[in-house]
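User: Hi! I'd like to talk through a domain interface with you. Here is the model.

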Protein chains: 2
Amino acid sequence: MPKISKKGELMPPSPIRKLVPFATEAKKRGVKVIHLNIGQPDIETPLVVRDAIKNFDYKVLSYLNSEGSEKYRLKLVDYYKSVGANIAADEIIETTGGSEALLFGFMATMDPGDEIIIPEPFYANYNGFATAGNIKVVPITSSIHNGFALPSIDEFEKNITSKTKAILICNPNNPTGYLYSIEELEQLKAIVLKHDLFLFADEVYREFVYDGKKHTSILSMPELAQHAIVVDSISKRYSACGARLGALITKNKDVLATVLKFAQARLSSPTYSEVAAEAALETPASYFEGVNKEYISRRNLLVELLNKIDGVKCPMPGGAFYAMAQLPVKDTDHFCQWMLEKFSHNGSTVMMAPAGGFYATKDLGKSEVRIAYVLESAEIKEAAECLEKGLEQYASEQLTTNN
Amino acid sequence: MPKISKKGELMPPSPIRKLVPFATEAKKRGVKVIHLNIGQPDIETPLVVRDAIKNFDYKVLSYLNSEGSEKYRLKLVDYYKSVGANIAADEIIETTGGSEALLFGFMATMDPGDEIIIPEPFYANYNGFATAGNIKVVPITSSIHNGFALPSIDEFEKNITSKTKAILICNPNNPTGYLYSIEELEQLKAIVLKHDLFLFADEVYREFVYDGKKHTSILSMPELAQHAIVVDSISKRYSACGARLGALITKNKDVLATVLKFAQARLSSPTYSEVAAEAALETPASYFEGVNKEYISRRNLLVELLNKIDGVKCPMPGGAFYAMAQLPVKDTDHFCQWMLEKFSHNGSTVMMAPAGGFYATKDLGKSEVRIAYVLESAEIKEAAECLEKGLEQYASEQLTTNN
């Protein structure tokens with residue numbers, strides 16, 4: 001029997017999805033599973049998007065241009081202007097989700113053995129795209145103790161080698177919810193200019209910024225014109241994860257020309273999705289105001305309730321819709337599976353993402369979980385109570401087992 | 001300025017799309033461009049597909065399962081049964097077009113430096129997916145003189161090395177239209193079993209088979225259970241290229257588990273597209289009968305008209321909707337660009353795909369073009385006349401230039 005590739009063996013399973021079979025079993029037993037494990041918002045997709053699809057008129061469902069239609073990209077120019085970035089239509093390449101933008105960006109800039117520095121914990125699928133290109137991820141650890149702020153410049157400098165081609169940040173951050181300050185972005189700018197590196201920024205949560213803070217796009221930093229590569233997606237912004245429509249944005253012409261070749265190989269992004277994305281740009285401002293208000297009240301409730309639980313620590317996130325929490329357990333992989341397999345409280349249990357999969361350094365984050373607050377407040381309350389009871393029962397069972 | 005990757009430099013531009021800027025210029029000058037360059041069918045997408053999208057009812061456009069919904073994959077089981085293949089739902093992984101199935105299949109089975117044998121001319125984008133994985137394409141040349149039949153077993157044996165991991169065929173073939181016989185597939189079976197290789201088959205044109213011939217899927221060959229990996233797509237079958245919805249099908253559990261990890265990294269295929277694909281399975285048989293009748297009459301007309309032109313040779317294709325033609329010119333790259341830049345006849349010109357890009361061996365296919373007969377007969381007639389006049393004028397200009 002022919003063998004799979006070494007790369008395929010190395011490819012990490014998704015830490016967000018790997019507990020799915022246990023959740024499915026729990027549901028079969030009649031247990032209600034409260035999903036805090038995946039960043040799938042429950043917020044309604046804007047009506048203007050759903051109407052555009054309903055009214056989309058065509059006889060032949062054709063390919064798009066590989067880089068996306070000019071009409072849509074011209075409208076994106078206005079959108080990026082509204083977030084402080086002066087971008088031309090031909091500096092945007094439409095992609096099938098932010099995922100494909102990452103894959104194409106990695107492939108266009110890095111060869112097998114090249115290195116990319118990423119502050120950890122980070123969105124686990126970055127590992128997947130790096131593995132696909134035989135690229136080495138070099139993690140720099142940020143800590144729950146200062147809310148996952150950017151590690152010091154020294155930490156970056158120490159890890160830069162002749163193989164380093166890029167630094168990647170996610171801002172606001174998934175999984176930590178951390179929002180990088182302008183000062184932190186200036187520090188990154190200094191590093192990438194000094195060492196002539198690419199700076200990737202995954203900015204798909206750009207609109208989800210709280211407490212009067214402001215998001216800064218690296219596209220708005222003129223000195224980074226040849227270095228900045230931004231990954232974007234409509235998934236979170238318009239609660240349209242299923243569209244799989246994103247973009248790669250850069251002013252670097254060589255990167256654009258190279259990414260276009262990868263885009264041409266797969267012909268085009270999905271046509272329905274571009275129709276949805278173009279319509280989404282007409283979403284009224286009131287939609288975002290409502291959504292952000294909702295996320296803020298969920299976040300405040302979640303963080304308050306979690307920190308009230310004995311032994312739980314959860315820093316206040318500044319953006320996105322994730323929080324990282326430290327639990328009083330040794331191994332959240334085991335605990336999260338146990339919650340699904342062995343536990344229920346009033347007929348419910350909670351599904352969370354064990355944080356180990358968000359760290360590249362072995363054994364880090366074993367006591368942490370990522371929680372996506374994509375549920376209504378009543379469910380968050382139920383989840384927090386359920387988690388508290390679960391932690392109590394788990395602790396007593398562990399005691400019993402250890403005796 | 002940071003540099004792009006070597007891989008990015010090696011990435012070939014699309015031979016199908018590279019002349020697009022010249023076509024755009026021609027249109028700006030008021031010239032009608034008859035598009036024979038791209039396999040974008042003009043046939044209407046089935047009404048049942050368009051209705052399903054219009055009536056798709058949802059509040060939140062959510063992710064799908066990474067492998068596609070069970071409901072859709074269960075329906076695919078029936079479809080594959082209807083084409084002679086006994087496949088279970090969990091032997092199917094939904095992909096974003098056949099393109100992604102190829103990329104995931106390559107990544108799951110081959111590491112950098114590994115080799116895949118592909119009879120040439122072949123679909124140019126195979127090069128792109130191989131380059132993305134630093135995989136070496138080893139071409140085996142098939143010839144216009146026997147209608148692009150499978151090269152001899154000897155040719156395969158001569159090219160198998162310790163690095164060879166797979167053979168890839170496209171059946172019916174893009175760009176040649178060749179339909180492999182059962183005898184040829186049996187020969188391939190013997191080779192892959194003897195050398196323990198994977199056999200990839202791109203079968204996206206499975207339904208487009210003419211003259212009473214029958215397509216054989218490698219999925220219907222039980223001895224190949226651990227070796228066969230099929231790439232599929234709804235693009236051509238239902239004239240739904242813009243859906244970008246395909247599948248990878250195999251009975252090899254290791255390959256399935258590995259491909260699933262790549263699928264998880266990009267979360268899911270587009271949700272609208274799966275809705276379209278599921279509806280497409282309800283397309284009435286009469287649709288395909290009408291479509292095939294149409295393609296046969298176009299093919300017959302095209303091949304007849306082309307072979308009437310002085311110095312043009314075009315073998316009769318057995319399937320798909322492509323024909324390869326040899327033209328009486330030295331360099332079809334130059335000629336096809338000239339047709340767009342310098343020539344028109346009654347206000348029209350013809351756009352074709354120069355065949356060089358479909359060969360991996362340097363300088364092969366320089367006199368050939370790929371023609372997609374995705375236009376109505378009246379336009380095919382106009383195109384053939386236009387091509388004939390173009391060839392005449394080009395020949396006389398070349399004579400003048402050479403004196």
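User: How many residue pairs are in polar contact across the interface of domain 1 of chain A and domain 2 of chain A?

Analyst: The rule finds 17 residue pairs, both residues at pLDDT 80 or more. A polar contact here is a pair of N or O atoms within 3.5 Å, where one must be able to donate a hydrogen and the other to accept it, and residues adjacent in sequence count only if both atoms are side-chain atoms. This is a predicted model, where local features need pLDDT of at least 70, side-chain atom pairs count only at pLDDT 80 or more, and totals for chains, interfaces and linings use all residues. Residues are numbered from 1 along each chain as its sequence is written, and side-chain values use heavy atoms, without hydrogens and water.

User: Switching topic, where are the domain bounds?

Analyst: Domain 1 of chain A covers 6–44 + 286–397, and domain 2 covers 47–280. The bounds come from an automatic or database domain assignment.

User: How far apart are their C-alpha centres?

Analyst: They lie 26 Å apart. Also, 39 residues of domain 1 of chain A contact 37 of domain 2 of chain A (heavy atoms within 4.5 Å).

Conventions: Chains lettered and ligands numbered in written order.
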